[in-house]
Amino acid sequence: MSTLGGGKTISSAVQALTFSRRATIIGGLQAGIGILLAGRMAYISVAENERYQLLSESNRVNLTLVPPRRGWLIDRNGKPVANNKTDFRVDIIPDRMRDKEKTISTLAELLALDQETIIRITEELQQASSFQPVQVATGLDWERFAAVSVRLPDLPGVSPRQGFSRFYPTGAAVGHLAGYVGIASAEDYEENPDPILVTPGYKIGKDGLEKTFEDRLQGKPGAKRVEVTARGKIVRELDSRPDTPGKALQLTLDIDLQEYAARRLGPESGAVVVMDCKTGDILTMTSMPSFDPNSFSDGIGQTEYGMLRDDDHVPLRDKALKGLFPPGSTIKPMVSLALLRGGIDPEETVRCGGGMRVGNRFFNCHSNHGSVDMMKANAQSCDTYFYKMALRVGYDSIALMARELGLGATYELPVASQSYGTVPDTQWIIKRHEREWADFDTVNSAIGQGYFLTNPLQLCVMAARMASGRKLEPHLLYDKDRRAAPPLDISPEHLSFVRNAMSEVVNGAGTARRARLPLDNIKLGGKTGTAQVVSLKYGRGGRDVPWKFRDHGLFVCFAPVDNPRYAAAVVIQHGGGSGAAYPVARDVITFLYDREKAMERLEPLEEAWGGDIKTRMDRHLAEYRANLELEKAIAEGRQPPPAAEEGNAANDSAQLGQ
Amino acid sequence: MNDFIPAPIAQLPWRTILLLLVLASFGFVVLYSAAGGSLTPWAGLHMIRFMVFLAMAIVLSRFKERFWKTVAFPVYIVVVIMLLGVELIGAVGGGSQRWLNLGFIRIQPSELMKPAIILAVARFYDLLPPGQIRTWGAVWPLLILVAFPSALILLQPDLGTTITVVTGALTVAFLAGLPMRLFVGGAAAVAVLAPIAFFFGLEDYQQRRVTTFLNPENDPLGAGYHISQSKIAIGSGGIFGKGFLNGTQSHLDYLPEGHTDFVFATMAEEWGLMGGVAVLFCFFLLFRWGLGVAMKAKTRFSQLAAAGLTTTIFFYVAINLMMVMGLAPVVGIPLPFLSHGGSSMMTIMICVGILMSIDRHPGRRGGAFA
């Protein structure tokens with residue numbers, strides 16, 4: 001038998017000795033391990049106690065922030081422009097999810113989500129930082145909400161909540177003005193890593209007044225500390241602090257008027273601005289088509305956004321502030337003021353033979369007016385008169401008057417941006433175009449064409465200043481700071497003459513006789529404008545040419561003529577002429593005095609257009625979606641392409657009556 | 001002894017029984033809290049089992065050394081056959097299992113193998129003439145004795161028990177006097193082979209347990225969850241603990257297996273370092289008693305068996321506590337007297353019963369080769 005070394009014989013006695021020696025070794029090893037364990041435990045529970053206590057607390061206690069209710073936006077009468085409605089919602093917290101696909105498919109089943117929503121959620125989950133909540137659904141009814149709530153243990157990362165969501169009762173009518181709210185972006189969170197920003201249901205102002213007054217509207221979040229099990233089941237509520245709602249913001253708007261104006265614009269692309277001639281309060285500032293801020297605030301679907309983006313009526317742009325249009329003949333009363341100040345006798349007549357030659361170009365008038373004085377030139381909008389007189393007084397005095405009446409300027413308003421537009425003058429042209437001002441520039445600018453550009457708000461300010469004789473500033477906030485405006489440095493007789501001339505436009509032998517108010521004792525004064533989009537050699541820009549080549553229709557006005565109270569400007573983009581604009585102005589002003597009468601006008605119109613704004617937008621969306629589907633089907637060869645595409649835009653506005 | 005107490009009762013090893021009672025009662029208290037302050041489902045059953053198995057241990061303590069010598073090999077063979085049975089039933093029934101259902105009781109043969117291997121190896125070295133202890137003849141029978149059960153247990157697969165069985169057998173061999181160089185060389189070989197075994201021998205989930213043990217924070221929600229939560233429970237307990245029934249880690253289900261393998265963490269959260277030291281001290285007394293029995297034993301078999309059985313219980317405690325404190329991978333070994341579980345308690349009480357038997361009958365000096 002081989003040995004394993006050590007030649008010595010081993011007896012039982014030696015073995016017993018070996019045993020006790022080795023047993024001591026074993027005992028020693030065991031004691032060593034025992035001491036190691038005691039030391040390790042002491043280290044964990046004493047030296048690292050604080051850290052582990054913290055971890056244990058953060059396991060146990062779940063601090064949930066309660067998003068504060070946003071402050072309301074209210075109109076001058078206290079009616080809500082934006083308020084909050086109770087809302088059952090479901091969100092996903094991506095980093096708490098286990099099985100992404102299963103969770104989504106379970107939710108889709110429980111909440112009956114459509115395909116587009118599922119795609120949106122999946123995409124947002126891929127893009128979202130792990131801590132950012134992804135909205136699944138809002139505005140749920142109690143049954144669906146409860147269906148998700150009871151299955152929570154199987155749906156880690158899903159967060160159903162009862163909260164508040166922003167609601168704009170008038171929808172699209174206040175889209176541009178109010179803006180909308182939305183989930184804070186990753187950049188917002190990086191800038192200010194406040195956990196409230198990533199709390200489901202918390203929204204911040206993204207545009208418009210919601211954004212400008214974010215600090216005021218926001219409020220302070222409440223908090224709820226709850227004890228939860230490892231599976232997320234709430235054991236008990238430890239303590240809670242209620243939220244402090246944001247402060248309400250009162251606007252100068254008359255929300256009913258705003259909504260009426262939006263509805264009255266119908267399918268047209270345009271803007272309506274109405275101001276109070278006493279204070280400068282903006283009563284309405286509507287731009288249509290618009291977007292529904294409720295859709296945006298709920299997280300807009302891709303298709304709906306695509307529809308808004310692709311629409312040639314640019315619903316995403318606020319035309320009241322950022323739509324620039326040549327003012328056309330609407331500035332003729334303003335030019336008249338400049339002429340009067342320049343010493344022109346209003347009785348002096350000019351012969352209109354259908355235009356005038358300046359240099360080697362012939363400038364058309366739209367008609368052959370014969371003998372024209374200042375009153376008739378305004379009433380019938382004779383271009384020739386203004387060509388001739390402007391050349392006589394010199395253009396810069398007109399530009400000066402334009403600026404005094406508020407054109408070419410932006411105002412102190414709590415809005416994200418306003419367009420300045422252009423009031424061209426002899427200095428401007430050198431800077432901008434590096435050439436001398438020429439007579440044809442005077443001629444063009446005197447009738448609001450050429451380089452002249454204004455936005456609808458500016459036109460309304462111009463009308464309000466002429467109507468009131470004061471240097472009114474537009475206001476949006478209904479606060480005490482609205483000082484009485486100082487009088488304009490314009491002779492009251494001149495102003496009075498111009499106001500009469502504007503009354504003549506509507507109530508006399510003027511261009512807007514159909515703008516007469518259907519009211520006793522209240523007269524409207526106004527001025528029509530038709531701004532050319534393309535040169536006349538392509539023909540008149542009326543209703544017989546494609547939409548985008550049609551003239552813009554404009555109208556500025558005020559009422560009542562004898563004691564002006566309201567001023568308004570209406571611009572219809574590619575409306576085909578002023579005839580598209582003044583009926584809108586007439587009805588909007590009517591609404592201020594007699595709502596019933598105004599509604600009577602609107603109802604048959606709306607019926608012809610195919611329903612109110614929401615109905616039409618929904619139908620538009622459905623058509624857009626169907627069209628997308630069809631295009632996709634054609635692209636994939638599932639369906640033959642249709643024979644020919646009809647011009648949709650042409651059909652849309654062809655229904656405009658009057 | 002006192003005259004008032006009858007001799008058979010007075011002769012019982014009261015000090016040991018009291019020690020076990022203290023440990024088991026503490027386990028009862030901890031399990032009572034783990035169930036949210038309820039006797040069911042764990043604490044009551046725990047105590048009943050303990051009493052039953054204590055009675056069994058006292059019965060075992062009446063057997064003399066000769067009995068253990070006689071049954072050492074037959075028991076070993078029976079348990080190996082039972083392990084085979086588990087494998088066969090698993091293969092037929094589909095899906096592996098560790099239990100053998102005998103109708104009236106469910107037995108986990110791998111647990112029984114822990115004392116059985118100790119007795120068998122002790123018996124083998126008892127029979128081996130002292131002159132042969134440094135020959136190959138002292139080694140290969142050991143390897144065979146270990147190979148069968150550990151292969152079968154590893155197949156289940158149950159790495160924790162396999163290690164306990166192998167290490168228990170090796171400890172007895174070490175105490176029997178196999179040349180020291182074999183152990184030194186063996187340790188060196190393990191150091192070399194361990195990485196190889198890790199990559200080729202271990203199941204995926206076992207590999208993950210090891211890597212997770214090395215770095216639990218890497219996978220705080222997966223396999224590292226056990227270790228992280230256990231450390232949080234122990235660490236948040238501090239010196240004096242959060243108080244009876246006040247543990248949050250266990251009551252709110254953050255601590256997995258808080259009534260079985262991680263019962264120590266459940267205890268430490270509520271009783272703190274003081275509770276932990278008390279438990280360690282109790283175990284220290286137990287092992288001191290066990291090794292004392294071995295040292296006092298007069299026969300070779302008694303010495304080896306007593307030391308081996310003590311070491312087996314020690315492995316339970318050491319591996320469990322190291323695992324709970326993040327010093328060893330999660331292998332699934334309960335903590336004696338505190339963890340809820342019948343099979344392991346039976347094993348431990350068998351070990352204790354045999355130890356008490358040896359304590360009672362230290363034997364006479366001189367044996368087969370005296």
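This briefing walks through one sheet in chain A and the helices that pack on it. Keep in mind that you're looking at a predicted model. Chain A holds 25 helices and 19 strands, and we'll zoom in on a sheet built from 5 of its strands.

**The chain as a whole**
- Chain A has 658 residues, and 45% of them are buried.
- Take the contacts in chain A with a separation of 6 or more: 73% of those are between residues 24 or more positions apart.

**The sheet**
- Read across the sheet and you get the order S12-S11-S19-S18-S17 in chain A.
- The sheet is open, and its strands pair in an antiparallel way.
- At the edges sit strand S12 (282-288) and strand S17 (525-531) of chain A, and each of them pairs on one side only.
- If you ignore direction, neighbouring strands here are turned by 5° against each other on average.

**A look at one strand pair**
- Strand S11 of chain A covers residues 269-276 and pairs with S12(A) over 6 bridges, in the antiparallel sense.

- Helix H22 of chain A (residues 582-593) lies across S11, S17, strand S18 (552-559) and strand S19 (566-573) of chain A.
- Compared with S19(A), helix H22 runs at about 145°.

Conventions
Residues are numbered from 1 along each chain as its sequence is written. Chains are lettered from A and ligands numbered from 1 in the order in which they are written. This is a predicted model: local features need pLDDT of at least 70, side-chain atom pairs count only at pLDDT 80 or more; totals for chains, interfaces and linings use all residues. Two strands pair if DSSP finds at least two bridges between them. Helices (H or I, at least four residues) and strands (E, at least two) are DSSP runs, numbered from the N terminus. Axes are lines fitted to C-alpha atoms, for helices over the stretch in contact, and angles run from 0 to 180 degrees between N-to-C directions. Two residues are in contact if their C-beta atoms, placed from the backbone, lie within 7 Å. A residue is buried if 20 or more other C-beta atoms lie within 10 Å of its own, exposed if 12 or fewer, and partly exposed in between; C-beta atoms are placed from the backbone.
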